[in-house]
Amino acid sequence: MTKVIDSHTGGEPTRVIIDGGPDLGSGPISERARLLETKHDKFCRSVLCEPRGYDAMVGALIVTPVEKNCLTGVIFFNTSQNLGMCGHATVGLLVTLYYLGKISVGNYKIETPVGIISAQLHDPNTVSVINVESYRYKKGVSIQVEQYGEITGDIAWGGNWFFLVNNSPISVQFEKLNKLLNFTSSIKSALKQQHITAPDGSEINHIELFGKPVNEKAHSKNFVLCSSGDYDRSPCGTGCSAKLACLAEERLWPENKKWIQESIIGSLYSTHYSWSTGGNIIPTITGKAFVTSEATLQFNPLDPYKHGISL
Ligand code: PYC
């Protein structure tokens with residue numbers, strides 16, 4: 001029996017597995033994350049793929065932390081792979097733990113496969129995530145993208161790897177959703193074909209475009225293609241961290257000043273950063289989540305799609 005609590009953060013869904021996840025042992029969280037992806041992919045697909053979920057959904061598997069001062073450990077995953085960190089799902093996780101009566105308003109440390117983060121629950125729905133250190137890795141990388149020609153972007157780390165494009169030939173508007181999906185998927189393929197990777201050789205699997213905001217409080221509107229192939233309905237916590245890293249590096253936005261990021265559906269995150277002693281930035285992302293359902297997932301052995309619909 002797998003018990004889950006679903007929530008959304010700025011429209012982006014999180015499914016927290018509160019019971020019935022696989023036993024991954026007690027090793028380092030990064031090792032347990034590797035085990036989840038390689039040995040329990042059927043579990044991940046069955047929990048998140050259609051007909052129980054969909055490609056936008058991110059799973060949050062609660063695990064025992066190695067560091068005793070952490071509230072919990074967590075491994076984030078989507079319908080195709082693990083995520084290093086996930087901002088919207090961290091907001092969803094804290095709101096879910098509050099809903100379950102396991103935490104109250106306050107500050108917590110959380111262990112993720114890419115490092116320990118902090119999160120502050122301000123009220124039953126509002127959370128600030130103090131993310132892992134973020135940085136721009138490369139500036140102005142030009143690639144040839146089929147149908148679109150030369151596209152230039154920055155590569156940055158915000159807990160996941162991002163290719164960030166400021167001058168999108170497709171305007172960042174919800175009405176252009178299919179075109180935005182097509183364009184960003186083509187960028188992702190081009191990066192792969194042209195062997196443009198993160199410093200450790202891993203794929204740059206999130207693509208982020210920026211355009212003019214609609215909401216007058218916001219400084220920018222984004223569109224984020226996630227590694228699952230679907231788009232982020234929220235402004236993307238790790239994507240905002242990568243954006244802040246680029247702004248900071250260019251000295252375009254000062255430390256501790258609020259940057260409001262609007263998502264493709266119009267939801268907002270309030271963000272800011274501070275410099276770390278090593279010259280990277282420490283981003284803070286504030287957003288709201290709401291619990292949408294509690295469920296016990298059923299896996300009938302006679303169900304031909306018990307492991308989800310996937311290739
Ligand atoms: O909020 O960091 C995020 C995120 C990554 C992928 C989907 N959401």
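The model is predicted, so local features need pLDDT of at least 70 and side-chain atom pairs count only at pLDDT 80 or more, while totals for chains, interfaces and linings use all residues. Residues are numbered from 1 along each chain as its sequence is written, and side-chain values use heavy atoms, leaving out hydrogens and water.

**Thr 238**
- You'll find Thr 238 in helix H5, residues 237-249 (helices, H or I, have at least four residues and strands, E, at least two; both are DSSP runs numbered from the N terminus).
- Leaving aside residues up to four places away in sequence, Thr 238 touches several residues, including Met 85, Cys 86 and Phe 162 (contact means heavy atoms within 4.5 Å).

**Cysteines**
- There are 0 disulfides here (a disulfide is a pair of cysteine sulfur atoms within 2.5 Å).
- Cys 86 is in no disulfide either, as its nearest cysteine sulfur, in Cys 236, sits 6.9 Å away.

**Strands**
- Strand E12 (residues 206-211) is mostly covered, with 5 of its 6 residues buried.
- E11 (residues 161-165) and E12 run parallel, joined by 4 bridges (strands pair if DSSP finds at least two bridges between them).
- Phe 162 has His 206 in E12 as its bridge partner.
- E12 also pairs with E13 (residues 220-225), antiparallel over 5 bridges.

Definitions and conventions
Buried < 20%, exposed > 50% of the residue type's maximum accessible area, 1.4 Å probe, protein only.
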